[in-house]
Amino acid sequence: MFGRSYSFKWFGIELLAFLLALVFLSPFYFVIVNSFKSFAELLTDTAGLPGVLHAENYVNAWKALNYPQAFKNTLIITIFSNLGLIIISSMAAYRLVRNKSRMNRILFSMFMLAMVIPFQSIMIPMVKMFGWVNLMNTFTGVVIAYMGMGVSFTLFLYSSFIIAIPKEIEESAVVDGCTPYGTFFRIIVPLLKPMTVTVLVLNSLWIWNDFLLPMLVLQKPGLQTIQTATSSLFGQYMTQWDLALAVLVMGMIPVMILFFMAQRHVIQGIADGAVKG
Amino acid sequence: MKRSFIISCVLVLMCYLLAACGANSNSGANTGADAAGNGESNAQKEVTIKLFQQKVEIAEQLKVVKAEYEKTHPGVKIEIESVLSSQYGTKLKAKLAANEMPDIFNNGGYSDMDVWADHLEDLTDQPWVSDAVDSAKAPMMKDGKLYGFPLSLEGSGLVYNKEMFAKAGITELPKTLSELEEASTKLKAQGFTPFVNDYASVWDLGITIFDSFMAKVPDTDKFIADLNSGAATFAGNDVFKGLPKYLDIAMKYGNANPLTTDYNTSMTMFATGQGAMIPAGNWIQPLIDKINPNIQAGLMPMPVSDDADFNKNAVFTSPTIWVVNKNSPVKEQAKEFLNWLVTSDIGKQNVAKEFKLVPAFKSIKADPADVGSIGDDLTKFSEEGNSLPMQASKMPEGLYTEIAQSMQKYVAGKSTPDQMLAEFQASWNKLKK
Amino acid sequence: MDNNRASINMHPVLERSSKLERGSTVKRWISSQWMQQAFFIGPAILFYSIVIAIPFFFGIYYSMTSWDGVSGNAVWVGLNNFSTIFLKDPEFGQSFWFTTRFTLTAVILNNVIGFALAYLLSLPLKSRSAIRTIFFLPNVLGGLVLGFIWQFILVQGFPGIGKLTNLSFFNLPWLGTEATAYWALIIVSVWQGAGYLMVIYIAGLANVPKDLIEASVIDGAGKWQILKNIIIPLIMPTVTVCLFISISWTFKMFDLNYSLTSGGPYGSTESVAMNIYNEAFGNNRYGLGTAKALIFFVAVTFITLIQVKLTKSREVEM
């Protein structure tokens, strides 16, 4: 950026960045290292490496969390919510961006407004409505709730992306005899792919980690998500940090894997969405 | 681009696979429900009792009871859901809003009973009523009727480490604030930290400590009524003058950083011998046993003044109460289950052996080996008649949090005793109905 | 509705395309516009209404009742709840004041650090993509877990380091005093938020034309001058977005607050969202709680609007 300089200086900057990164990583170090210690060792020597690896913490956590079940539940919810969100938000964003009637401007600000509504103020009426239409304790209910809660942010990301797509592409499609629907699905949707990956990962991070909504809606044993299972176990094992930390790490791992798989796109995508907005 | 394409493909594929799985499990659930609704209803009536409770300590043990009951009562299923007490209230309200009320659930008694009054079944005619301990029934009595089932008794005060007390040569438990200070000096001389103060926990300040004082006010009900009408104040009450004094002693002889010490840390500290006394109750037994199975803990009344006679009663009992949902279609079966739990031999044995709680029924005798040394002490106080009923749930809802915050402010040195009591008063006036 | 129809017809692109389709009648064209509107936006509006809009209006109704969240009937009290909040509830004011202070500090630190990291990682470092990933990594944790983890670090880990290093920073009574609890929340929020904002800033920086910077280097401008006079004005749109995101996050903070400090000590770190939650579910005053939520909603909307207006006015066209 600023031309060349001697390598010693670059090494210094690199080292600085590296040290900063270590500081950012240190909380993970604490959690992971201590999740392998016995309880007594964890209390007396919190900062050091474990003397003996206590993998049984993980065996116990696996059982207590009912991990396969919770994992499956969370995965189903995350995937269907994501699919729904991607479909409804990209369609709405396209129309709202390309058709700026007064009504659509109002609709757009209405969607944006939802981003500042505190969830606590709508949760009880929402649960009440879900009760009327038998959506409590169903994955459908949770998915619907995530679609409603996530549509604003997703639409925001998509619309900032669509603005940057040159209109000429669509116009030529129309000339070729494409219907508006055909234009969207055949021309626009493929172009949205980078943003879709971003949306997918960001919404997955959010839905995977969300706690309050599944706690309220999924109240039957067997419907627990990783987060609700983690939080209730964490509460029970609060005094047993060794187990509690293993529980936390196990809740964290799937999202980390997803993140590492897609990290290039996430970082690219957030950036694209935000800047072109 | 190539990689993103592959990732997208994989994700789409996963979606399809899972969509298939999801659809399968859904249809499975549906057919199950249909079968229960139609086919089997003639053959045998399958009912499910939903039990929603906030004592996570007995979650595992309840599963044993459930299996036992389902075995002897074909056609009855029990569905247990145990949640942390911090989430319990919100979840119960969500269940209510969604029309998914459980058949049996917890209730705190007194003002909590009033809140949920529309949903509570009258249990006065149940066979176990005469067997239940009176002080455990009190919170759920209204107009001569009983609305709750007391599962267990709980008592609180100061839990102390018997070994440490013995080593420090304390033979007589301190009965006054001065004796408490004296005992603390002796403990300190032995190199022990006398007090574990977990003042990060609003529960222990606002309920365990505050209630020890509230319960000692002569004619508490009148005092509460007077607080509501404005005829009485905290500052004008003799018992509450002891509260800042107690806090002073506990702080002077307590652990460092009490305001960063939360409930969990304090349990660890007490169990590992980093403190000799802790304001708590018999509910901590399973926790400290897990950390240190050899611990010898006892319970004593929390001294609130310098009058020894006045302090002998300080242990108060607060039962764990289950209530039956009045509007439940299976309320008869729910009542039968509760009845079985405390009148049948198997049920009784489970309550006494498995729960590790002090039973609230005269005919169920708990073995000290099961309920632990703290519970054993509690039983003795209760049998000698030296127990007072809890007051926390007679107070305005949410009061304990604000009370605890005022106490935190005092121990942090940010307010004087008078200011603290004035803040109690302001909170009471704000939250009273 | 008629207004809207007119405005749709006047849209230039549509006019052009309507000329192309000569065979169809005007009426059919309009109906197809409605079809498009319904098809593209309909589903989004449907879900939005069920989950956000209708419950929100319910909330407005409850805010004018004294409902406790349990009993069957909610008693209408008009605007009483609002007068109670403004006249008799100093804690709500305090939590508002805390949240404002917190938001201010957290937003500034998040953005400054986020920008600094982005600036650092825009330099051609060898390991930069790995380091970017590390800075973003805290975002894979949910607010609740985040709080639990940091509670462990502050209560167990810091004293552990303190013993080893004797640094007084680690021996502070973390979470035990007003100041340490406040800064603990800030540290955690920056730990998580800075990496997210960094990513957005990196993209912003990438869009700054390189020739502009090279030209000013030739003109003899110092690094600081380039940053101040060229880079920052050019990335103002990014700043707008980052501020919007970080303000609405920190203002609505609940999970982290709930799991890390629970508002302690003595209520000094109680955020507005937590105050609302406690009022509605702890004190069983749901009506009052929703009234607070409504006031809060208006305040947050107002603040973000002002922020967007302010920063937008400083944006420069490239």
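How many residues does the contact take from chain A and from chain C?

1. The contact takes 76 residues from chain A and 84 residues from chain C, two residues being in contact if their C-beta atoms, placed from the backbone, lie within 7 Å. Helix α13 (residues 241-275) of chain A gives the most to the side of chain A that touches chain C, namely 15 residues. That side of chain A has 56 nonpolar, 15 polar and five charged residues; Ala, Val, Leu, Ile, Met, Phe, Trp, Tyr, Cys and Pro count as nonpolar, Asp, Glu, Lys and Arg as charged, and the others, Gly among them, as polar.

2. Basis. This is a predicted model, in which local features need pLDDT of at least 70 and side-chain atom pairs count only at pLDDT 80 or more, while totals for chains, interfaces and linings use all residues. Residues are numbered from 1 along each chain as its sequence is written, and chains are lettered from A and ligands numbered from 1 in the order in which they are written.

3. Confidence in chain B. The mean pLDDT (the predictor's confidence in each residue, from 0 to 100) of chain B is 84, with 89% of its residues at 70 or more. Helices (H or I, at least four residues) and strands (E, at least two) are DSSP runs, numbered from the N terminus. Over residues 1-43 of chain B the pLDDT is below 50, and this stretch has 18 contacts in the model beyond near neighbours in sequence. Where pLDDT is low, the predicted coordinates should not be read in detail.

4. Sheet in chain B. Six strands form an open, mixed sheet in the order β2-β1-β3-β11-β6-β12; strands pair if DSSP finds at least two bridges between them. β2 (76-82) and β12 (358-359) of chain B stand at the edges with a single partner strand each, so one side of each is left without a neighbour in the sheet. Strands β6 (residues 149-153) and β11 (residues 320-324) of chain B run antiparallel and are joined by three bridges. Pro150(B) stands opposite Ile321(B) in β11(B).

5. Domains of chain B. Chain B is divided into domain 1 (44-152 + 319-364) and domain 2 (155-317 + 387-431), with bounds from an automatic or database domain assignment. Their centres, taken over C-alpha atoms, are separated by 30 Å. In chain B, 13 residues of domain 1 are in contact with ten residues of domain 2. On the domain 1 side, α5 (111-115) and α6 (134-137) of chain B each supply at least two residues.
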